[in-house]
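Hello,

Here is the structure I promised to pass on to you. Please have a look at it first, and then read my notes below.

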Amino acid sequence: MQLSDRAIDQADNLRRIVEPKPLKIIAISSGKGGVGKTNVSINLALSMAKQNKEVLLLDADLGMANIDVLLGLNTEYDLSHVVSGERTLEEIIVEGPSNIKIIPASSGISKMANLTSAEQAGLINAFSELGNAVDVLIIDTGAGISDTVVNFCKASQDVIVVVHDEPASITDAYAFIKVMSRHHNVSRFHVLANMTHDVHEGRNLFKKLSKATDRFLDVILTFAGTVPFDEKLRKAIQHQRAVVEAFPRSPSALAFKRITRQIDSWENDVSRSTGQLKFFVERMIQSDLLQSTMIQSDMTQSGMMQSTPQQEPG
Ligand SMILES: Nc1ncnc2c1ncn2[C@@H]1O[C@H](COP(=O)(O)OP(=O)(O)OP(=O)(O)O)[C@@H](O)[C@H]1O
Ligand SMILES: [Mg+2]
């Protein structure tokens with residue numbers, strides 16, 4: 001028996017309601033601070049939004065949450081107000097350019113382990129209500145390897161490590177990858193070279209880093225691409241705008257667009273792909289609870305962050 005078009009449409013609609021949309025979760029990290037994570041997060045988020053994706057951008061840098069400042073937005077509340085019940089998730093979300101939604105997370109996110117189970121359930125529910133409306137979640141993490149950064153990277157499907165051409169940036173990126181892989185079971189990283197000065201610099205940085213990781217670590221490193229040093233990006237910052245909005249034909253804006261297209265071709269890591277926002281929040285909560293145990297075990301393994309200087313960078 002042939003199904004009518006109408007029946008097929010109905011079945012499609014039903015499937016859309018029942019099956020959550022696949023959600024890509026990307027954490028933007030770096031070993032060293034100041035390498036461009038926040039600008040990368042914002043500009044990738046906006047480039048994806050311009051591809052008609054629904055993008056959620058989580059400002060999770062506890063030290064210096066500044067996406068709102070860079071985009072000239074007013075944020076009065078953050079995730080801690082959702083946790084305390086003073087505000088709903090909808091109320092703290094700020095609308096950015098190209099309809100991206102920004103969640104100021106700052107302090108709230110670090111307190112997940114201390115929540116009562118009712119508070120945890122409330123948070124998971126709040127996020128799961130957003131679930132079907134989001135295609136991509138981008139997380140601007142802080143620099144380095146704090147517990148929160150570790151948790152975000154573990155709860156994400158993909159981790160972008162931003163580097164630039166400075167010895168400390170490469171050794172810190174190596175140390176970050178080493179700790180994430182050896183102690184936290186994250187083995188896939190995408191390396192993005194920022195502020196490059198010629199066409200070869202990004203690839204060369206990637207080669208330098210992957211030479212060390214290939215030799216000493218069991219990880220898969222891929223090259224996410226290069227964003228050139230661009231005065232227009234700095235000019236855009238002065239105007240509290242993202243470069244892809246303010247100067248869409250500038251070298252850095254074009255690079256962000258190229259990288260966005262490349263991200264579309266990243267394969268989903270089935271072992272980490274969970275596709276739903278509420279699972280992401282659940283993983284965050286679980287990681288946070290586990291964290292104290294992890295730290296203890298890490299500390300007993302002396303030399304966690306120390307590498308043998310003659311053998312390994314970082
Ligand atoms: N492609 C670029 N071209 C020129 N300047 C850049 C570029 N990317 C970043 N910058 C400069 O680097 C500065 C730091 O960038 P950003 O705030 O994004 O770094 P971050 O890694 O988020 O820093 P933090 O670790 O403090 O959070 C920017 O204010 C800007 O001046
Ligand atoms: Mg930042």
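**What I found in the model**

Strands β1 and β6 run parallel and are joined by four bridges. Within that pairing, A27 stands opposite V159 in β6. On its other pairing, β1 runs parallel to β5, with five bridges between the two; here I28 stands opposite D140 in β5. Please keep in mind as you look around that this is a predicted model.

How buried is β1 itself? Six of its six residues are buried, so the strand is largely enclosed by the rest of the structure. K24, I26 and I28 point one way from β1, while I25, A27 and S29 point the other way, and all of them are buried.

**The sheet as a whole**

Now to the wider picture. The protein chain has 14 helices and eight strands. The eight strands form an open sheet with mixed pairing, in the order β3-β4-β2-β5-β1-β6-β7-β8. The edges belong to β3 (94-95) and β8 (220-228); each has a single partner strand, so one side of each is left without a neighbour in the sheet.

The partner of β8 is β7 (residues 188-196), and the two pair in the parallel sense over eight bridges. One of the positions to look at is T196, whose bridge partner in β8 is P228. Helix α13 (residues 251-264) packs on the sheet here, touching β7 and β8, and its direction makes about 155° with that of β8.

Which strands does α8 lie across? Helix α8 (residues 147-155) lies across β1 (24-29), β2 (55-60), β5 (136-141) and β6 (158-163), and it runs at about 150° to β1. Eight of the nine residues of α8 are buried, so this helix is largely enclosed by the rest of the structure. The buried ones are T148, V149, V150, N151, F152, C153, K154 and A155.

L277 has 24 other C-beta atoms within 10 Å and is buried. In sequence, L277 and I124 are 153 residues apart, yet in space their C-alpha atoms are 8.3 Å apart.

**Around the ligand**

Which residues come nearest to ligand 1? Of the 20 residues around it, they are G33, G36, K37, T38 and N39. The elements that give two or more residues to this shell are α2 (37-50), β7 and α11 (231-238).

**Chain totals and confidence**

Across the protein chain, buried residues make up 42% of the 314 residues. Of the contacts with a separation of 6 or more, 78% are between residues 24 or more positions apart.

As for confidence, the mean pLDDT of the protein chain is 82, and 79% of its residues reach 70 or more. Where should you take care? Over residues 292-310 pLDDT stays under 50, and the model has 10 contacts beyond four places in sequence for this stretch. Where pLDDT is low, the predicted coordinates should not be read in detail.

Happy to talk any of this through.

Best wishes

Notes
Residues are numbered from 1 along each chain as its sequence is written. Chains are lettered from A and ligands numbered from 1 in the order in which they are written. This is a predicted model: local features need pLDDT of at least 70, side-chain atom pairs count only at pLDDT 80 or more; totals for chains, interfaces and linings use all residues. Two strands pair if DSSP finds at least two bridges between them. Two residues are in contact if their C-beta atoms, placed from the backbone, lie within 7 Å. Axes are lines fitted to C-alpha atoms, for helices over the stretch in contact, and angles run from 0 to 180 degrees between N-to-C directions. pLDDT is the predictor's confidence in each residue, from 0 to 100. A residue is buried if 20 or more other C-beta atoms lie within 10 Å of its own, exposed if 12 or fewer, and partly exposed in between; C-beta atoms are placed from the backbone. A residue is near a molecule or strand if its C-beta atom, placed from the backbone, lies within 6 Å of it.
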